[in-house]
Structure formats: structure tokens, C-alpha cells
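The sequence and the structure are shown first.

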Amino acid sequence: MLTLTTGAQIVTDPATGRGTLVTPDTRVWTLNPSAVVALTELARGGTVADAELQLVHRWPDVPVARLRTDLDTLLGTLQEAGAVTYR
């Protein structure tokens with residue numbers, strides 16, 4: 001299971017849908033609305049498949065393959081940086 005690193009926090013702006021991910025080592029990531037949706041689902045204990053489902057629900061006009069590619073890219077980048085981990 002992929003999870004946010006312990007102590008990481010997501011702060012969102014309801015007006016814009018954008019957010020910020022702050023990691024325990026004080027790194028700050030600016031998040032677009034789709035990244036907020038995906039990472040919020042993971043922070044709630046959801047799986048990568050759950051995050052993908054939330055993206056499909058939120059943006060039904062975007063091809064699923066594109067959403068999945070963007071999700072994989074986001075999670076790969078954050079994993080390399082230590083902001084998410086596999087359990």
C-alpha cells in the first residue's frame with residue numbers, strides 16, 4: 001500500500017482546489033487540484049486504485065489512461081523524494 005510519509009500534511013484552498021504538501025523534513029510541494037484529490041485519498045487510507053477512482057469521478061471527460069499516467073508520475077516523483085512510501 002502506498003501512503004503519505006508519517007507526519008506529512010496536506011493543506012488545501014477550497015476556493016481554488018490547489019493545495020500544499022508539507023513533509024516532516026520541511027519540504028513543500030505545491031499541488032494542483034488533481035494531486036490534491038489523489039493525495040487526500042491516500043491520506044485517508046485509500047489505495048492507489050481508490051485515488052484513480054476519485055480522479056475519474058472528478059474529471060469524467062479526461063481519458064482514464066491519462067489520469068493514470070499523471071497519477072503514476074506524481075506518485076513516482078513523490079516516492080523518489082520520500083514524501084510517500086510503500087508498506
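## Elements and overall dimensions

Helices and strands are taken here as DSSP runs, with at least four residues of H or I for a helix and at least two of E for a strand, and they are numbered from the N terminus. The model is a predicted one.

Taken along the principal axes, the box filled by the C-alpha atoms is roughly 35 × 30 × 20 Å.

## Packing of α1 against α2

Two packed helices are described by the angle between their axes and by the distance between those axes. For α1 and helix α2, which spans residues 48–58, the axes come within 8 Å and cross at roughly 140°, and the crossing is right-handed.

On the α1 side the contact involves S34, V37, A38, E41 and L42, which meet V48, D50, A51, Q54, L55 and R58 of α2. Sorted by class, this contact of α1 with α2 comprises six nonpolar, two polar and three charged residues.

## Packing of α1 against α3

The axes of α1 and α3 lie 11 Å apart and are set at an angle of about 65°, and this crossing, too, is right-handed. The residues that make the contact are A35, A38, L39 and L42 from α1, together with L71, L74, L75 and L78 from α3. Eight residues of this contact are nonpolar, while none is polar and none is charged.

## The largest pocket

The largest pocket holds about 260 Å³ of space, and its lining is made up of 16 residues, among which N32, S34, A35, D70 and L74 lie nearest the centre. Two or more lining residues come from each of β4 (28–31), α1 (33–43) and α3 (64–80), with α3 giving the most, namely six residues. By class, the lining of the largest pocket consists of eleven nonpolar, three polar and two charged residues.

Some of these residues also belong to the helix contacts: S34, which is one of those nearest the pocket centre, is part of the contact of α1 with α2, whereas A35 and L74, likewise nearest the centre, take part in the contact between α1 and α3.

Methods:
Residues are numbered from 1 along each chain as its sequence is written. This is a predicted model: local features need pLDDT of at least 70, side-chain atom pairs count only at pLDDT 80 or more; totals for chains, interfaces and linings use all residues. Side-chain values use heavy atoms; hydrogens and water are left out. On a 1 Å grid over the protein atoms alone, a cavity is a set of points where a 1.4 Å probe fits but cannot get out, and a pocket is an open set with protein on both sides within 12 Å along at least five of seven lines; lining residues have an atom within 4 Å of a point. Grid points are joined across faces, edges and corners, and a volume is the space filled by probe spheres set on the points. Ala, Val, Leu, Ile, Met, Phe, Trp, Tyr, Cys and Pro count as nonpolar, Asp, Glu, Lys and Arg as charged, and the others, Gly among them, as polar. Axes are lines fitted to C-alpha atoms, for helices over the stretch in contact, and angles run from 0 to 180 degrees between N-to-C directions. A crossing is left-handed if the near helix is turned anticlockwise from the far one by less than a right angle, and right-handed if clockwise. Contact means heavy atoms within 4.5 Å.
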